[in-house]
Amino acid sequence: MPARTKRPAAVVLEGLGGYVPAGTVTNLDLEGRLETSDAWIRSRTGIHSRRFAAPGEATSDMAAEAASRALASAGYPEIDLVILATTTPDHPCPATAPAVASRLGLGPVAAFDLAAVCSGFVYALAQANAAVLSGQHRRVLVIGADTFSAIVNPLDRNTAIIFGDGAGAVVVGAGEEGQPGQLSAFDLHSDGSCTDLIRVAAGGSRMPVNAETSDADRYFSMQGKEVFVQAVTAMAESSRSVLQESGWQHGDVDWLIAHQANQRILNQVAGLLGIDPRKAVIHLDRVGNTSAASIPLALADHAPRFETGDKLLLTAFGGGTTWGAGTLTWPPIAVADPQQAVNERTKPWPTPQPS
Ligand code: UT7
């Protein structure tokens with residue numbers, strides 16, 4: 001761990017990258033194995049297709065690719081902490097973040113996984129912000145990456161139509177008050193009494209996987225209707241809280257980047273906040289719900305539309321239940337298209353930077 005540094009005035013976004021795997025699964029592909037239809041999925045969720053990791057492609061592979069793009073976007077600065085938000089680590093033990101850090105050649109940096117399901121990226125960004133503001137760390141690589149194709153039951157039409165795989169990452173570091181890219185306010189919450197709404201029942205200490213474990217216990221499950229209702233209310237409330245703390249009116253928000261679960265949820269959150277739904281960025285139509293990756297992927301996908309100084313409102317809701325929101329302004333950074341294939345990468349893996 002680096003020596004504690006002077007507490008900075010602010011924390012700013014310095015780089016952003018995203019990665020989606022090449023395998024596309026369309027609604028029509030799902031019609032073949034599920035009792036569903038392209039028309040139903042489009043009208044009830046807004047999703048047209050999603051991406052699935054290739055066989056053998058794990059969360060760390062996607063995380064490292066997105067992170068390498070974020071590091072390139074930031075100009076390969078020195079990193080001293082890696083936080084990986086994920087529900088689908090490569091293995092139950094150990095954490096996946098150290099493997100990603102080593103793969104990127106970052107040296108013996110602090111690295112840990114953070115589990116807050118679809119709220120994971122907002123949670124991780126808030127922790128990175130606090131870590132830099134405290135002076136404990138200088139620059140943090142925050143990654144949201146998930147491989148839900150590994151835990152979703154391909155025959156469950158409640159979940160298989162929604163989820164896809166992907167990764168997104170940002171670099172945040174010390175900056176000046178008012179500098180474009182500044183992270184302003186965060187608001188985080190949980191309600192463990194609703195733990196059954198979204199879960200994988202087996203595989204932990206409560207229900208270890210054994211010969212008696214059923215498919216239903218092993219796979220991800222979600223009570224979609226109840227989650228929908230809670231997600232809308234919670235994201236709107238949390239958003240109001242960070243808007244107030246940032247001193248922003250709803251009309252000041254240039255872009256609403258809400259967790260990409262369902263277009264109807266995004267429209268309702270925007271409506272409750274009095275934000276023009278056209279300011280709610282949509283990426284789910286092409287990648288589905290990518291859980292912890294959804295917010296940084298949506299940011300990377302829409303980055304060409306953002307202008308320096310634009311006011312961004314982030315908000316998410318996920319299993320736990322967990323939810324939260326954050327505000328930032330947009331920095332002058334270059335961001336690669338997350339659809340760019342691995343073999344189109346222009347730079348090799350970054351090499352460790354001298355300290
Ligand atoms: O990422 C964490 C946060 N997650 C979310 O925010 C997800 C929130 N939930 C949702 O997005 C929605 O609840 C779903 C997309 C999961 C389901 O949509 P819904 O509009 O809530 O559907 P429903 O469960 O209320 O079902 C409505 C009807 C039912 O038929 P009847 O009883 O009205 O005849 C279902 O059987 O739609 C039927 N249905 C389907 N039909 C075709 C449910 N799923 C499907 C399907 N294809 N995939």
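Let's start at leucine 313, which, leaving aside neighbours within four places in sequence, is in contact (heavy atoms within 4.5 Å) with Ser239, Val242, Leu243, Val253, Trp255, Leu256, Ile257, Leu273, Ile275, Gly326 and Thr327. Before going on, note that this is a predicted model, where local features need pLDDT of at least 70, side-chain atom pairs count only at pLDDT 80 or more, and totals for chains, interfaces and linings use all residues. Residues are numbered from 1 along each chain as its sequence is written, and side-chain values use heavy atoms, with hydrogens and water left out.

As for confidence, pLDDT is the predictor's own confidence in each residue, from 0 to 100. The chain averages 94, and 94% of the residues score at least 70. Residues 345-355 have a pLDDT below 50, and this stretch has 20 contacts in the model beyond near neighbours in sequence. Where pLDDT is low, the predicted coordinates should not be read in detail.

Back to Leu313: together with Phe220 and Ile265, it has the most contacts inside the largest nonpolar core, a set of 47 residues. A nonpolar core here means buried Ala, Val, Leu, Ile, Met, Phe, Trp, Tyr and Cys residues joined through side-chain atoms within 4.5 Å; buried is under 20% relative accessible area, exposed over 50%, and partly exposed in between (1.4 Å probe, protein chains only). Elements that each supply at least two residues include helix H7 (224-246), helix H8 (263-273) and strand S12 (311-318). Helices (H or I, at least four residues) and strands (E, at least two) are DSSP runs, numbered from the N terminus. H7 gives the largest share, nine residues. Domain 1 (10-180) and domain 2 (183-329) both contribute to this core, so it lies between them; the domain bounds come from an automatic or database assignment. Apart from it lies another core, of 38 residues, among them Leu13, Leu125, Val132 and Val281.

Now for the loop between strand S6 (139-147) and strand S7 (165-175), where you'll find isoleucine 161. Ile161 is buried, with a relative accessible area of 3%. Not counting residues up to four places away in sequence, Ile161 touches Leu30, Leu34, Thr36, Trp40, Ile41, Thr45, Ile47 and Arg50.

Asparagine 153 also lies between S6 and S7, in the loop. Setting aside neighbours within four places in sequence, Asn153 is in contact with Thr159, Ala160 and Tyr219. A polar atom of the Asn153 side chain lies 2.8 Å from the backbone nitrogen of leucine 155.

Methods. Polar contact = N/O pair within 3.5 Å; in protein donor to acceptor, adjacent residues only side chain to side chain.
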